[in-house]
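Subject: Structure for you to look at

Hi,

Here is the structure I promised to hand over. Please load it and keep it open while you read.

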Amino acid sequence: MNRLTIAQQGKGVERDRGEMVLSPGVGVAVLRGLMPLLVGAAGFQAAKRLRDRGGRVGSDSLSIADHGRLEGGVLAAPVDGEGRPTGETQLVSNGVYGQPLLTWSDAHRHHLRSSGNVRRNSWRELPA
C-alpha cells in the first residue's frame, strides 16, 4: 500500500479526495517529478505554466522546503558547497510558489537570495 486516506470528522472520505500519507518511495517519486519546478533558474518558467489564476501551484496544504541545517539530515552542514550559509528555503508555502533552489550565480542573476543548498561531493568537483 502506498498511501493512507485519513478520515475527516470520523467519516471516511471519497476515494482520491482528502489527505494522504505517502510512503517514502512514493514521496520521492512525486518530488522527482517536480524537480524541474524546484531546482534551477528554469523553475520560474515551469511555475508560470502551472500557476492558477490566483498564482497558486497547489492547495493550501502543499508546502515544500529544503533545509540544509535540519538536525539529523543526511547533508546537514553550516555552509553549502559554495560556502554560503545553509538554512530553510520555502520552495512552495501553502500552495504558493516561492523560488527554486538556486546556485549563487543564478540567484545573483535573478536578484534573489542564494538558497544555500548547493552540494559539492569533493573539492575537485563543481557545485551542483
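Below are my notes on confidence, the sheet and the pocket.

Confidence. This is a predicted model. Mean pLDDT for the chain is 79. Of its residues, 83% reach 70 or more. Among the elements, β5 has the highest mean pLDDT, at 90. Strand β1 (residues 3-5) has the lowest, at 45. Over residues 1-7 pLDDT stays under 50. The model has 19 contacts beyond four places in sequence for that stretch.

Sheet. Three strands form an open sheet in the order β3-β4-β5. The pairing is antiparallel. β3 (64-67) and β5 (96-97) each have a single partner strand, so both stand at the edges with one side left without a neighbour in the sheet. Helix α1 (residues 24-38) packs on this sheet and touches β3, β4 and β5. The direction of α1 makes about 80° with that of β3. Between β3 and β4 (residues 88-93) there are four bridges. Asp66 stands opposite Thr89 in β4.

The largest pocket has a volume of about 560 Å³.

One residue links the last two topics.

Best wishes

How values were computed. Residues numbered from 1 in each chain as written. Predicted model: local features only at pLDDT ≥ 70, side-chain atom pairs only at ≥ 80, totals over all residues. Heavy atoms only, no water. 1 Å grid on protein atoms, 1.4 Å probe; cavity = no way out; pocket = protein on both sides within 12 Å on 5 of 7 lines; lining within 4 Å. Points joined across faces, edges and corners; volume = space filled by probe spheres on them. Pairing = 2+ DSSP bridges. Helix = DSSP H or I, 4+ residues; strand = E, 2+ residues; numbered from the N terminus. Contact = heavy atoms within 4.5 Å. Axes fitted to C-alpha atoms, helices over the stretch in contact; angles between N-to-C directions. pLDDT = per-residue confidence, 0-100.
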